[in-house]
Amino acid sequence: HYDARMNLGALLSRLDRENEAAVQFEAAAKLRPWSPEPLVFRAMLLANQRRFPEAVAAVERAIAADRQLANRLFSDAARLPFKETNIDEFLAALRGQLSS
C-alpha cells in the first residue's frame with residue numbers, strides 16, 4: 001500500500017496535519033526503502049517544522065538512493081523550474097539553517 005501511504009501523507013500535509021503525514025511517509029519508506037520519494041516528502045515536511053537536522057538526514061538518504069530521481073521529485077513537489085541542482089541547493093539551505 002505504498003501509493004496509498006504517499007497519497008495520504010500528501011493530503012494530511014496539505015491539511016496541516018504534519019505529524020500524521022510524517023507517520024505515513026515513514027511507513028512508505030519502510031515499504032520501499034530504496035525509493036527517494038518518501039524521503040524527499042519527509043524532508044520537506046521536516047523543514048517546514050524547522051527540524052533541520054532530521055531534514056538534512058532525509059535529503060542525504062534520498063540523494064544516496066537516487067540523486068536524479070530525488071532531484072526530480074523535489075523539483076516537482078516544490079514546484080520549481082527544473083534544474084539539476086535543486087535538491088543540492090535545498091540541502092545546502094537546510095545545512096545553512098543548522099549553523100543559524
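1. A word on naming before we start: helices here are DSSP runs of H or I with at least four residues, numbered from the N terminus. Please also keep in mind that this is a predicted model.

2. Let's begin with the largest pocket, which holds about 360 Å³ of space. Its lining draws at least two residues from each of α1 (2-14), α2 (18-31), α3 (37-48) and α4 (52-77). Which helix gives the most to this lining? That is α3, with 4 residues.

3. Next, have a look at α5, which runs over residues 86-98. Its 13 residues reach 19 Å from first C-alpha to last, close to the 18 Å expected at 1.5 Å a residue. Buried in α5 are N86, I87, F90, L91 and L94. Seen down the axis of α5, these buried residues fall within an arc of 140°, so they line one face of the helix. In general, an α-helix has 3.6 residues a turn, so residues three or four places apart point the same way. As for what covers the buried residues of α5, α3 and α4 are included.

4. Finally, a residue in α4: D66. Its relative accessible area is 32%, which makes D66 partly exposed, between the 20% and 50% cut-offs. D66 and S35 lie 31 residues apart in sequence, and their C-alpha atoms are 7.6 Å apart in space.

Note on methods. Residues are numbered from 1 along each chain as its sequence is written. This is a predicted model: local features need pLDDT of at least 70, side-chain atom pairs count only at pLDDT 80 or more; totals for chains, interfaces and linings use all residues. Side-chain values use heavy atoms; hydrogens and water are left out. On a 1 Å grid over the protein atoms alone, a cavity is a set of points where a 1.4 Å probe fits but cannot get out, and a pocket is an open set with protein on both sides within 12 Å along at least five of seven lines; lining residues have an atom within 4 Å of a point. Grid points are joined across faces, edges and corners, and a volume is the space filled by probe spheres set on the points. The expected span of a helix is 1.5 Å times one less than its number of residues. Buried means under 20% relative accessible area, exposed over 50%, partly exposed in between (1.4 Å probe, protein chains only). The arc is that of the directions from the helix axis to the C-beta atoms. Contact means heavy atoms within 4.5 Å.
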